[in-house]
Amino acid sequence: MPPNATSPDASTALPMPKDLSELFVPSMRGHLKSAFKSVMGNPTLAMINMAGGVPHPSTFPITHLRATVKSPSSPSAPHSRESTLDLAKSCRSQSTESLDELLQYGDGCGIDSYCAFLRKYTQRVHRPRYANWGVIASCGNTDAIGKTVSLFCEPGDSILVDRWTFPGALSSLASAKVLPAPVPMDDEGMIPEALDSICQTWSGSTPPRAIYLVPTGQNPTGTTMTLARRKAIYSVAQKRNLAIIEDDPYYFLQLPSAPLPSHSLRGAEHSDQVQDLVPSLLSLDTDGRVIRLDSFSKILAPNLRCGWITAPTYILDKIQILNESTILQPSGLSQGLISKLLNDAWGFDGWDAHLRELRAVYTLRRNLFIQAVDRHLAGLVEYTVPTAGMFLWMKINLGSAAADPTAMPRLLGSMKKCGVMMAPDMPFSSSAMEPAAADRYLRAAFALVDIDMFEPALKRLAQAITSVRDARSSATHLNAN
């Protein structure tokens with residue numbers, strides 16, 4: 001059991017999770033444990049431990065690390081300040097391990113102080129509704145997707161996914177020879193009635209045992225499930241006895257429901273609280289069928305390569321074994337810096353303030369981007385305003401050129417000539433079928449480029465779309481003559 005897990009005695013008011021181990025693939029059933037650790041057991045402090053191939057910490061050349069970080073602003077301190085994080089060789093801080101501990105081998109659960117903060121924060125935000133749950137460290141959500149899928153799917157099995165979904169997840173499925181079963185979507189994401197119908201009419205030899213979805217700021221469509229939609233999806237999962245892999249890296253980047261006229265951040269920074277966010281699927285889960293994946297990639301920094309998985313402890317026990325046979329755990333230095341930042345420097349209030357600042361930044365970017373889209377792409381694209389994340393999913397109006405199957409490749413070539421790049425739809429497709437020529441999309445990410453690049457980017461896109469439309473119109477006119 002991960003050291004941060006709840007125990008039955010600690011949560012006597014909550015029910016135990018249902019045992020869904022019948023959904024595991026055969027290789028994941030039963031008691032899995034490292035062969036070496038099965039033989040050696042857990043050494044006690046009284047033992048002279050010469051069993052492991054572990055280097056002595058005196059050989060570690062890194063003796064001290066210092067990082068300077070910006071402190072998030074707050075109503076009482078509106079101006080950004082800086083604080084210093086120190087990690088010393090053999091000296092623990094208030095709640096974070098020493099460098100010697102961070103640099104040494106560990107188990108597959110993650111650094112204790114890192115996981116302890118995340119477990120407390122998960123309790124604070126999502127309030128799981130069953131006992132015996134915990135968190136375990138991951139190297140971000142792509143790492144976590146592969147491991148959680150492997151619990152429920154063998155080569156040749158299928159997993160239920162959104163019609164358009166994260167390419168990293170599709171790559172993981174392809175590597176594992178697991179087949180994506182696309183579920184239709186609307187402006188709120190996966191459609192529960194369609195999900196239920198696919199399960200009802202499934203004709204394959206092995207029915208799906210799990211759903212993979214991104215419920216908030218969905219990649220690539222930017223859709224966010226309402227509370228009612230999440231409840232409906234969860235109800236279908238209960239009815240069909242499905243596990244839910246809740247991949248939610250954009251959860252804390254939820255944005256106001258419509259663009260605001262103001263171009264200023266002031267007044268938006270502290271306007272919302274974590275408690276005002278749409279509840280997660282984890283927070284609705286009474287059975288223990290949701291495996292939640294969180295990541296620091298979009299809310300702290302991507303190449304820290306750190307995230308966490310929340311699930312019932314018997315599921316985390318399996319993931320721990322998978323960690324120990326692959327990554328072991330994320331970089332101890334990354335975990336230690338994050339732990340030091342969250343435990344000692346910021347705390348819950350500072351972390352909440354940082355997330356509020358991020359939401360304000362992305363709200364401003366989204367608003368300005370959509371205003372620019374309306375100015376330059378009117379009549380050329382259709383879209384739904386995203387209420388989370390960093391993407392705008394635009395349906396391209398190619399006019400009469402839409403009937404031409406070469407229109408999308410020609411558009412991408414025209415965009416390249418015009419000097420603008422956006423993601424085409426096919427890498428996000430979970431279906432083997434090519435979309436209809438009149439149903440093609442581009443994903444624009446408004447997170448990275450400077451705001452003053454929005455206008456030239458969209459002017460160039462308009463030029464590219466118009467050139468494809470005009471070329472088709474000219475060809476049609478010549479053929480008519």
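User: Which residue in β9 does Leu 213 stand opposite?

Analyst: In this predicted model, local features need pLDDT of at least 70 and side-chain atom pairs count only at pLDDT 80 or more, while totals for chains, interfaces and linings use all residues. Residues are numbered from 1 along each chain as its sequence is written, and side-chain values use heavy atoms, with hydrogens and water left out. Strands β8 (residues 210-213) and β9 (residues 243-247) run parallel and are joined by four bridges, where strands are DSSP runs (E, at least two residues; helices are H or I, at least four) numbered from the N terminus, and pairing requires at least two DSSP bridges. Within β9, the residue opposite Leu 213 is Glu 246.

User: Which strands stand at the edges of the sheet?

Analyst: The open sheet has mixed pairing and the strand order β3-β11-β10-β9-β8-β4-β5. Each edge strand has a single partner, so one of its sides is left without a neighbour in the sheet, and these strands are β3 (133-138) and β5 (179-183).

User: Is α6 roughly parallel or roughly antiparallel to α7?

Analyst: Helices α6 and α7 (residues 227-240) pack with their axes 9 Å apart, at an angle of about 15 degrees. Axes are lines fitted to C-alpha atoms, for helices over the stretch in contact, and angles run from 0 to 180 degrees between N-to-C directions. Angles under 35 degrees count as roughly parallel, over 145 as roughly antiparallel, 65 to 115 as roughly perpendicular and the rest as oblique. The orientation of α6 to α7 is therefore roughly parallel.
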